Amino acid sequence: MGTVLDALVKLQSVENNLRAARAKLTRSRRNVIIKENELRTFQKSLQAKQEEIQLTKIQADRLELELKSTEQTLTKYRAALNVAKSNKEYAAILTELNTTKADSSKVENQVLELMKNIDADQAQCDQTKQQIEQAKNDLAEIRKQTEEQAKKYEDEIAQIDHQWQQAARDVPAAALETFKRVAETYDGEAMAEIEIPDNRSGIYTCGGCFMTLTTETANTLMSRDEVLRCPNCTRILYIKQMES
Ligand SMILES: [Zn+2]
């Protein structure tokens, strides 16, 4: 390899380190986001449960009012029984009274059922509150850890970035522009090594996209220090020097 391609391959190696260091920083910060989301989910579920309890209470209050008014009706029926003028009238009032009583006891059961639901929801709220406390503590701990880690990773990135600037100095301006552009397209992978899977067949392929390359391309790279790009994926091609 000539000096230009050699410098590009070195730059690629630093580029890989730089991307890896940046990825570590991103991953470390992602843990905080995951925990924040978990906390938010608990808070939302608590709020929904509390709203549900409010609605159930309103419903129970309404039924309690209904029971009070029924109680008044029953009192009226009992008074009417005492002043009934005939057996027939007495029997009719008694039937009304018993029907109203039966309906009222159904409503009473409904109220009991609602109260039971409220208790169960309340228990769930208490549990969610504990989970929220736990998640808050975890989040504070993870934030602290992440900040420490981030500082370390940022230092590492700054160091590699410095190496990158130095390696870039050895690459001619036009080649460097090409390198940067292709690196952006392929998540940092600007260079592709030409692969020779079978020497006898003489078929050369691009190590980036595995498309077949012409023998001429391979020959040019072996004899000249030139920036040649894969016609398919546009990566900068190079051939590793045979160990002699
Ligand atoms: Zn290619």
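A residue counts as buried if 20 or more other C-beta atoms lie within 10 Å of its own, as exposed if 12 or fewer do, and as partly exposed in between, with C-beta atoms placed from the backbone. The model is predicted: local features need pLDDT of at least 70, side-chain atom pairs count only at pLDDT 80 or more, and totals for chains, interfaces and linings use all residues. Residues are numbered from 1 along each chain as its sequence is written.

**Figure 1. The protein chain as a whole.** Four helices and four strands make up the elements of the protein chain, in the order α-α-α-β-β-β-α-β from the N terminus. The radius of gyration is 40 Å, well over the 18 Å that the globule rule gives for 244 residues, so the protein chain is more spread out than a compact globule. That radius is taken over C-alpha atoms, and the rule is 2.2 Å times the number of residues to the power 0.38. The C-alpha trace spans about 125 × 45 × 30 Å along its principal axes. Of the 244 residues, 11% count as buried. Helices (H or I, at least four residues) and strands (E, at least two) are DSSP runs, numbered from the N terminus.

Figure 2. Domain 1 covers 18-169 and domain 2 covers 175-238, with bounds from an automatic or database domain assignment. Their centres, taken over C-alpha atoms, are separated by 60 Å. Q127 belongs to helix α2 (residues 87-169) and is partly exposed, with 13 other C-beta atoms within 10 Å. From Q127 to R224 the distance is 72 Å, C-alpha to C-alpha, for 97 residues in sequence.

**Figure 3. Helix α3 and its two sides.** The 13 residues of α3 (residues 173-185) reach 19 Å from first C-alpha to last, close to the 18 Å expected at 1.5 Å a residue; the expected span is 1.5 Å times one less than the number of residues. F179, V182 and A183 are the buried residues shown in α3. They cover an arc of only 105° around the axis, which puts them on the same side of α3; the arc is that of the directions from the helix axis to the C-beta atoms. On the other side, A173, A174, E177, R181, E184 and T185 are exposed. The packing partners of the buried residues of α3 are α1 (3-82) and β4 (236-238).

**Figure 4. The largest nonpolar core.** A nonpolar core is a set of buried Ala, Val, Leu, Ile, Met, Phe, Trp, Tyr and Cys residues joined through C-beta atoms within 7 Å. Among the 20 residues of the largest one, L8, F179, I194, I236, L237 and Y238 touch the most other members. Two or more residues each come from α1, α3, β1, β2 (203-206) and β4, and α1 gives the most, with four. Leaving out residues up to four places away in sequence, I236 touches L8, T178, F179, V182, A190, M191, V227 and R229; a contact requires C-beta atoms, placed from the backbone, within 7 Å.

Figure 5. D187 follows α3 and lies in the loop between α3 and β1 (191-198). Its phi is near 50°, a positive value in a residue other than glycine. D187 is exposed, with 9 other C-beta atoms within 10 Å. T234 sits in the loop between α4 (215-223) and β4, and its phi is near 70°, again positive in a residue other than glycine. T234 is partly exposed, with 18 other C-beta atoms within 10 Å.

How values were computed
Two residues are in contact if their C-beta atoms, placed from the backbone, lie within 7 Å.
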